[in-house]
Amino acid sequence: DKWSVDPRVSIASGGKREYSLQIHNVEVTDDGPYTCSIQTQHNPKTLQLHLVVQVPPKIIDISTGSVVNEFSNVTLFCLASGKPEATITWKHISPSAKDFDSE
């Protein structure tokens with residue numbers, strides 16, 4: 001039975017009482033609540049679950065190399081995406097390396 005306009009989504013029957021919602025090529029927009037409902041003559045039942053779609057972290061943009069004068073200010077940026085949200089850490093690559101967390 002086709003009930004969705006999205007060709008990635010279908011319902012599969014595993015017998016008289018078992019039905020599965022199948023989503024192929026899951027996307028981040030598929031994240032969210034889903035409801036399973038059954039209907040009997042006098043006793044309808046509904047259960048809900050929440051689908052969490054994870055996305056691997058990725059650096060989208062980063063500052064280019066800069067030349068600055070001593071005692072001046074500089075701002076370096078790193079833009080990342082991912083789900084759950086990625087933690088960005090900066091490290092000064094030197095013999096006395098220091099970490100700079102985003103928190």
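A contact here means heavy atoms within 4.5 Å. In this predicted model, 15% of the contacts between residues at least 6 apart in sequence join residues at least 24 apart. The protein chain has 103 residues, and buried residues make up 8% of them. The accessible surface of the chain comes to about 9400 Å². Carbon and sulfur atoms account for 55% of that surface.

The secondary structure is made of strands. The chain holds 8 strands and 0 helices. From the N terminus on, the order of elements reads β-β-β-β-β-β-β-β.

Strands β1 and β2 form a hairpin. Strand β1 covers residues 9-13 and runs antiparallel to β2. The two strands are joined by 5 bridges. One of the pairings sets Ser-10 against Gln-22, its bridge partner in β2. Between the strands of the hairpin lie 5 residues. Gly-15 takes a positive phi in this hairpin, near 140°.

Ser-20 also belongs to strand β2. Leaving aside residues up to four places away in sequence, Ser-20 touches Ser-10, Ile-11 and Ala-12. Ser-20 and Ser-10 are 10 residues apart in sequence. Their C-alpha atoms are 8.2 Å apart in space. Is Ser-20 buried, exposed or partly exposed? The relative accessible area of Ser-20 is 31%. Buried requires under 20% and exposed requires over 50%, so Ser-20 counts as partly exposed.

Ser-20 leads on to the pocket analysis. Rolling a probe the size of a water molecule over the atoms shows where empty space is left. The largest pocket has a volume of about 430 Å³. Its lining comprises 15 residues, of which Tyr-19, Ser-20, Leu-21, Thr-35 and Cys-36 are the closest to the pocket centre.

Which strands supply at least two residues each to this lining? They are β2 (19-23), β3 (32-38) and β4 (45-51). The largest share comes from β3, with 5 residues. By class, the lining of the largest pocket has 10 nonpolar residues. The remainder is made up of 3 polar and 2 charged residues.

Definitions and conventions: Residues are numbered from 1 along each chain as its sequence is written. This is a predicted model: local features need pLDDT of at least 70, side-chain atom pairs count only at pLDDT 80 or more; totals for chains, interfaces and linings use all residues. Side-chain values use heavy atoms; hydrogens and water are left out. On a 1 Å grid over the protein atoms alone, a cavity is a set of points where a 1.4 Å probe fits but cannot get out, and a pocket is an open set with protein on both sides within 12 Å along at least five of seven lines; lining residues have an atom within 4 Å of a point. Grid points are joined across faces, edges and corners, and a volume is the space filled by probe spheres set on the points. Helices (H or I, at least four residues) and strands (E, at least two) are DSSP runs, numbered from the N terminus. Ala, Val, Leu, Ile, Met, Phe, Trp, Tyr, Cys and Pro count as nonpolar, Asp, Glu, Lys and Arg as charged, and the others, Gly among them, as polar. Two strands pair if DSSP finds at least two bridges between them. Buried means under 20% relative accessible area, exposed over 50%, partly exposed in between (1.4 Å probe, protein chains only). Accessible areas come from the Shrake-Rupley method with a 1.4 Å probe; for residues, only the protein chains shown count as cover.
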